[in-house]
Amino acid sequence: MSRTMDKPAETLDEDQVSRKSNGKTPTRLQSFKNSFRRVAEKSLLSSGGKGSKVTPKADAGSQPPPSPSPSSGSVTSPLKNMRSPFQKKEEDAADAASQKSKGLTRSKTDPTMAGFSTSSMKSGESLRRSLKIGTKKNKDKSSRDEPLVPVSESPAEERKEEEEAACEEMEEEYTLPELPHTPLSVMQISKLIEMEVLEEAYLNLLALRREFQQEQEHCGQDSSMELAKKEKDLSLLYGDLRNKMNAIVRDSNSLPSRNKGLLVPVARIIQEEERRAEEWGGLPGSWMEAWKEAVAEGVQVKVKSVHLEPREQNASWLAVHLGLLGKAIVEDLEKVKRELRWSYPASFKVFSTYVKSYHRVVGQHLKKLEVQVTEQKDLYALLDWIIKRYKSERIMGSPSLQPDMEDESAELQLEDDLLKQLKDKYCCRVREDMRSSLDRVVELENEEFWRDCRPPEKDEDFLNSQIDMDIWTKVKGNAVNARDIDAQLEQRVISTCLEELKQFPKTFETGFRRHCSALRPQPHWTEYHITYINSFTALQQHMEGYRDSCPQEVEGFRQEVKSLIDRLLLSLEDQFKEDVKPYLRRMMTRKWLTNDDDFKQLQSRTQLLSQHCSLVRPPHSQEFAGRLHYHVVKEYIGQLMKNNYSCKNRKHEKAAAKIREQWAELRDLFEDMHSTHEWLNSAGDDLSNIIGQRNKSDIKNHLQPIVEHYPDFSKKHLVAVLYFRGLLRGREHQLILQTLTDLRKKLGAGGGDKSQVLFGDMQVTVNTDCLSNLPFSCFGFLLPDN
């Protein structure tokens with residue numbers, strides 16, 4: 001039956017009540033009405049139903065919330081007009097006087113019934129209609145009375161009163177009216193519960209419970225079938241009442257204007273049942289806990305109602321949902337703070353209960369979402385929302401919720417290991433995404449350069465590709481995003497990226513060799529090597545910024561990059577060596593002495609190498625130039641050690657001049673390349689001085705510089721140089737060798753910088769002329785006289 005009425009409610013005629021009770025005891029409704037007369041006289045509720053009292057704080061009946069919207073099966077009213085049986089008699093009397101002074105029509109009931117508010121009158125009307133109580137005369141009178149209900153205050157005054165009442169808490173103390181002597185029937189009480197006339201239903205339910213307790217005391221252990229039935233009825237009614245109250249509480253935050261007024265009797269019933277928890281006839285379990293569960297159910301309904309699009313339809317499905325969820329949480333808690341909390345006594349801690357429910361329910365909701373989240377961006381959005389946004393000013397830290405949130409925790413109540421699972425999952429996605437990105441880098445290089453043999457680009461006069469910036473941007477983006485969540489996740493993400501990046505140098509080299517194997521004869525082959533030497537050098541320098549947080553991973557990556565760069569440099573070096581090999585091989589020969597073509601080719605290739613070295617970023621440009629400088633010097637001078645040519649007829653002077661001239665040109669080239677091997681520069685001049693001496697005896701005086709500069713210059717090297725000079729044997733030859741031996745002993749041969757080895761690495765061709773190595777004293781035996 002609908003509780004929404006268009007006409008003002010009527011009270012029952014006393015004659016009707018008397019006829020209904022057959023003149024014996026007061027009717028159940030009359031008993032209920034009489035209880036209001038005695039409210040002020042009762043301070044405590046005795047076991048016989050005399051009343052109970054709790055310490056007061058504020059007048060709950062003074063709150064004027066908005067008028068309820070019509071709803072099927074219910075009648076609601078503003079708190080201002082709802083006169084609950086739990087309210088004070090003084091307020092009833094004041095209200096009755098107010099209504100009398102305004103000329104309201106009165107029914108023929110007891111004068112104390114004037115204390116009924118519009119809400120109670122409507123509830124009574126609803127009850128009478130449901131129980132078919134009343135006559136046609138009453139109904140006609142009700143129709144005639146309808147236009148006489150006045151508006152007590154102007155809209156502006158009502159709004160002002162509502163704003164004032166909104167800041168008042170419901171008083172803690174209440175007075176329970178006297179229970180009916182004879183309760184309504186089980187069906188009637190059930191109907192009242194169904195129609196949400198909770199005050200009347202509960203008073204009758206308490207009366208029924210009192211009857212049950214009294215009968216149980218009389219029957220003792222021998223309980224009759226009727227008593228058992230009454231116990232069952234009592235349990236069912238209590239169950240219905242609790243379910244109805246739970247439904248009201250559950251929906252109160254979704255329909256505050258409808259259910260807010262009903263929360264006052266709900267709160268009082270909970271208080272009374274908590275007080276009677278140890279008595280017979282009640283339901284097991286705490287009513288306060290049941291109320292908290294109902295609040296949580298309402299929160300759960302609210303959370304489930306937040307729109308969630310399928311991820312197939314919207315790439316930002318999770319971010320959108322979390323944004324809407326945060327907005328719904330704030331709006332709901334604002335509503336609780338602004339409206340619902342004032343329908344409860346302060347001891348209920350309504351706002352705190354809703355906050356705690358949101359912590360728990362949202363945590364459970366996120367656990368369900370976690371199963372659907374697979375992409376890195378969605379995992380980031382979820383972690384960011386949990387760790388930062390939920391407790392930020394956007395949600396739990398919202399200024400609109402202050403200062404009530406000051407004493408409340410803003411942390412989500414997550415299931416065990418949910419946050420750890422999300423972080424683990426996020427790091428796995430970072431690893432997979434990083435691996436995919438690195439594979440894509442190789443593909444892009446092939447598509448943009450290798451496949452079509454396009455020359456690499458220059459950046460600040462150096463050859464460079466974008467791979468270092470692409471990779472660094474990727475790693476840095478992951479690190480910054482993780483740092484926004486928390487420092488621990490940042491460290492894990494950086495470590496994950498570096499572990500995956502550690503494999504990249506080898507992977508890149510494999511792809512480069514595979515795609516560029518056919519490009520080696522082309523000039524871009526060298527340029528590509530220089531490009532990637534520069535790029536990986538830059539990338540490794542970028543990663544050094546993470547050494548403090550991930551020292552092992554950074555060092556592991558540095559070693560891999562160093563190995564790759566060494567291999568790239570070695571490839572360039574081998575290529576250069578291969579290119580200049582035929583020209584160096586023809587140095588120090590008869591053709592070399594008369595023809596400059598081979599040296600010009602060597603010079604041209606070295607100049608080209610110098611140009612390439614200028615495109616290599618430090619420090620590898622100097623390192624590379626030094627390695628090639630050493631190779632050219634060793635191979636150029638090394639031709640003297642091969643006994644390919646011996647200068648005769650004073651050609652040694654021309655050869656020495658040519659060596660000095662070519663040496664100066666090579667030295668200038670490698671200086672332009674910023675070679676760090678300056679210690680090689682004196683070798684050509686020292687040797688040309690030895691070779692160019694006109695008198696053989698003067699050679700001894702020019703040995704000291706080369707021994708000082710190159711302690712590894714030995715007797716076999718000098719023999720080879722003298723052979724090229726044209727001095728193969730003889731006494732002077734032996735004296736020169738003896739002078740070298742003495743100098744090496746004097747200067748400590750074998751000392752010096754062990755890393756500066758030049759002649760020790762040269763291969764010396766053994767002179768097959770046995771006479772060249774014989775001591776001078778042996779030549780006497782070869783004379784004819786002997």
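Guide: Contact, or touching, is taken here to mean heavy atoms within 4.5 Å. The structure is a predicted model, in which local features need pLDDT of at least 70 and side-chain atom pairs count only at pLDDT 80 or more, while totals for chains, interfaces and linings use all residues. Residues are numbered from 1 along each chain as its sequence is written, and side-chain values use heavy atoms, with hydrogens and water left out.

The account starts with His-629, which has its place in helix H24. Helices (DSSP H or I, at least four residues) and strands (DSSP E, at least two) are numbered from the N terminus. His-629 has a relative accessible area of 3% and is therefore buried; that term means under 20% relative accessible area, whereas exposed means over 50% and partly exposed lies in between, with a 1.4 Å probe and protein chains only. Leaving aside residues up to four places away in sequence, His-629 touches Phe-670, Ser-675, His-677, Leu-680 and Asn-681.

H24 also packs against H21, at an angle of about 30° and with 11 Å between the axes. The axes are lines fitted to C-alpha atoms, for helices over the stretch in contact, and the angles run from 0 to 180 degrees between N-to-C directions. H21 and H24 are therefore roughly parallel to each other; angles under 35 degrees count as such, those over 145 as roughly antiparallel, those from 65 to 115 as roughly perpendicular, and the rest as oblique. Their crossing is right-handed, the near helix being turned clockwise from the far one by less than a right angle, and anticlockwise if left-handed.

On the H21 side, this contact uses Ile-565, Asp-566, Leu-569, Leu-570, Leu-572, Glu-573, Phe-576, Lys-577, Val-580 and Leu-584, which meet His-620, Glu-623, Phe-624, Arg-627, Leu-628, His-631, Val-632, Glu-635 and Tyr-636 of H24. Sorted by class, the H21 contact with H24 comprises 11 nonpolar, two polar and six charged residues. Ala, Val, Leu, Ile, Met, Phe, Trp, Tyr, Cys and Pro count as nonpolar, Asp, Glu, Lys and Arg as charged, and the others, Gly among them, as polar. An α-helix has 3.6 residues a turn, so residues three or four places apart point the same way.

H21 has a further partner in helix H18 (residues 487–502), packed at an angle of about 20° with the axes 9 Å apart. This angle makes H18 roughly parallel to H21, and H18 passes H21 in a left-handed crossing. H18 contributes Ser-495, Leu-498, Glu-499, Leu-501 and Lys-502, and H21 contributes Glu-553, Val-554, Gly-556, Phe-557 and Glu-560. The classes in the contact of H18 with H21 are four nonpolar, two polar and four charged residues.

The loop between H23 and H24 contains Pro-619. The peptide bond that leads from Pro-618 to Pro-619 is cis, with omega near 5°. Most residues other than glycine have a negative phi, and most peptide bonds are trans.

The buried residues of H23 are Asp-598, Phe-599, Leu-602, Gln-603, Thr-606, Leu-609, Ser-610, His-612 and Cys-613. Their cover includes helix H20 (524–543), helix H21 (551–585), helix H22 (590–594), helix H24 (620–638) and helix H25 (651–672).

Of its 786 residues, 50% are buried. Among contacts between residues at least 6 apart in sequence, 80% join residues at least 24 apart.

One example from elsewhere is Asp-332, which has its place in helix H13 (residues 317–338). Asp-332 is buried, with a relative accessible area of 2%. Not counting residues up to four places away in sequence, Asp-332 touches Asn-253, Lys-302 and Tyr-358. The C-alpha atoms of Asp-332 and Lys-302 are separated by 8.4 Å, although these residues are 30 apart along the chain.
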